[in-house]
Amino acid sequence: MGLLRIMLPPKLQLLAVLVFGVAVLFLENQIQKLEESRGKLGSLQNYSADSCGEPSKALKRAIARHEVREIEQRHTADGPRQDVMLDEEDDVVIIYNRVPKTASTSFTNIAYDLCAKNRYHVLHINTTKNNPVMSLQDQVRFVKNVTSWKEMKPGFYHGHVSYLDFAKFGVKKKPIYINVIRDPIERLVSYYYFLRFGDDYRPGLRRRKQGDKKTFDECVAAGGSDCAPEKLWLQIPFFCGHSSECWNVGSRWALEQAKYNLINEYFLVGVTEELEDFIMLLEAALPRFFRGATELYRTGKKSHLRKTTEKKLPTKETIAKLQQSEIWKMENEFYEFALEQFQFVRAHAVREKDGELYILAQNFFYEKIYPKSN
C-alpha cells in the first residue's frame with residue numbers, strides 16, 4: 001500500500017483502497033457460506049439409521065428436498081420458472097395410483113429403467129403410513145404440484161393413492177391415469193404372506209407381521225382378521241376415489257363409481273396376469289414414456305420383477321369360503337369388468353401370428369380434404 005501512495009494520484013489511491021475492501025468482504029462471505037455448508041452436511045450425517053441399516057425417514061426427506069432444490073436450480077439457471085415453455089409432447093403427466101400387490105413394483109421399476117433414456121422424470125408419492133386417502137389440503141397441494149411443476153414434466157408419478165378427480169380443482173389439462181389390478185383373492189394371499197415374509201426385492205427388511213407362521217388357510221379357518229373378506233375391499237375404493245362412500249365396505253355405489261372412473265378417467269387399466277400385454281399396449285400408445293418397455297420386460301434380466309417369498313397357495317376349500325362373501329362377489333365383479341375392458345382394448349390393438357402378438361399399424365387416413373391448397 002505504501003508503494004501505491006508513492007506511484008498513484010490521491011483519487012486513484014482511494015479507488016484502489018475501495019476495491020481492496022470489496023474483495024476482502026467477498027472473500028469473507030464465501031468463507032462463511034462454506035462453513036454453513038459444512039454444518040448442514042454434518043447435520044445430515046448425524047441423522048440416525050433404522051434397525052436394518054437403512055436411512056431414517058428424516059434423512060430420506062432431507063435428501064429428497066435437497067435433490068428437488070438442485071433440480072429446480074438447474075432448470076431455473078437461465079431464467080425464471082414462469083418463462084419455461086414446454087412442447088405439447090413434454091407437457092404430459094402420468095399418474096399410476098398403484099394398488100398394493102398387483103405387480104406394481106415390478107411395473108414401476110421398468111419406468112425407472114427407462115426414464116433417463118426416454119427423458120422423463122419418475123416421482124414416488126410417499127404418503128404417511130401408506131394412507132391412500134389424502135387430506136383436503138394435501139389434495140390441493142398435490143394437484144398444484146402435478147399441474148404447475150414444469151421442471152418435473154414430462155412426469156411419471158406413482159404411489160399407493162386412491163383416484164383423485166383433478167377436474168374438481170379447476171384443472172384444464174388433467175393427468176393421464178393408468179393402473180393394474182389383480183384377481184382379488186390372489187392379491188389378498190400375496191399381501192398376507194408379504195406382511196410376514198417380505199419378498200426378494202428387499203429381503204432384509206423386517207415386515208409388520210414377521211414371526212407369524214400361520215398359513216393363509218389356517219387364518220381363514222380360524223376366522224382371522226388379516227384374511228377376513230373385508231380385507232378384499234381395496235381395488236374398488238382405489239378406483240372409486242376420495243369420497244367417504246368409496247371406503248364403505250360393500251357399497252354398491254362405490255362399485256359403480258369405480259367402474260365409471262375406470263372407463264371414463266383411466267387411459268388404460270391392465271391385469272397382473274397379463275402384464276406383458278399391458279406394457280406392450282402402453283408402448284404403442286405412449287412411446288414418449290414407454291419406448292423399449294416391451295423388449296426390456298421380455299429380454300431383461302428380470303431384476304425389476306418382485307416375488308413374495310414363502311407364499312403357499314390356498315386350498316379349494318379356503319377359496320370357496322371366501323367366495324361366499326358379498327364383498328368378494330363385488331370385488332370380483334369389478335375385476336371381471338376391468339379384465340373384459342382390457343381384453344376389448346387389446347383385441348382392437350393387436351393381431352396374433354404364430355403365437356406372438358403384434359401391434360397393429362395405423363389403420364386410418366385422411367382424404368377429401370377441402371378447400372384444396374393452391
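A residue counts as buried when its relative accessible area is under 20%. The exercises below apply this cut-off to a predicted model.

**Exercise 1. Disulfides**

Determine how many disulfides the structure holds, which cysteines form them, and whether these cysteines are buried or exposed.

- Cys 219 is bonded to Cys 227, with the sulfur atoms 2.1 Å apart. The angle about this S-S bond is -95 degrees, a left-handed link. Both Cys 219 and Cys 227 are buried.
- Cys 240 is bonded to Cys 246, with an S to S distance of 2.0 Å. The torsion here is about -65 degrees, so this disulfide is left-handed. Cys 240 has a relative accessible area of 6% and is therefore buried; Cys 246, at 0%, is buried as well.
- With the bonded cysteines numbered in sequence order, the pairing reads 1-2, 3-4.

**Exercise 2. Arg 98**

Locate Arg 98, classify Arg 98 as buried or exposed, and identify the partner of its side chain in a polar contact.

Solution. Arg 98 lies in the loop between β1 (93-96) and α4 (104-118). Its relative accessibility is 8%, so Arg 98 counts as buried. The side chain of Arg 98 makes a polar contact of 2.8 Å with the side chain of His 158. Beyond four places in sequence, the contacts of Arg 98 include Ser 104, Gly 159, Asn 179 and Phe 238.

How values were computed. Residues are numbered from 1 along each chain as its sequence is written. This is a predicted model: local features need pLDDT of at least 70, side-chain atom pairs count only at pLDDT 80 or more; totals for chains, interfaces and linings use all residues. Side-chain values use heavy atoms; hydrogens and water are left out. Helices (H or I, at least four residues) and strands (E, at least two) are DSSP runs, numbered from the N terminus. Buried means under 20% relative accessible area, exposed over 50%, partly exposed in between (1.4 Å probe, protein chains only). A polar contact is a pair of N or O atoms within 3.5 Å; within protein, one must be able to donate a hydrogen and the other to accept it, and residues adjacent in sequence count only if both atoms are side-chain atoms. Contact means heavy atoms within 4.5 Å. A disulfide is a pair of cysteine sulfur atoms within 2.5 Å.
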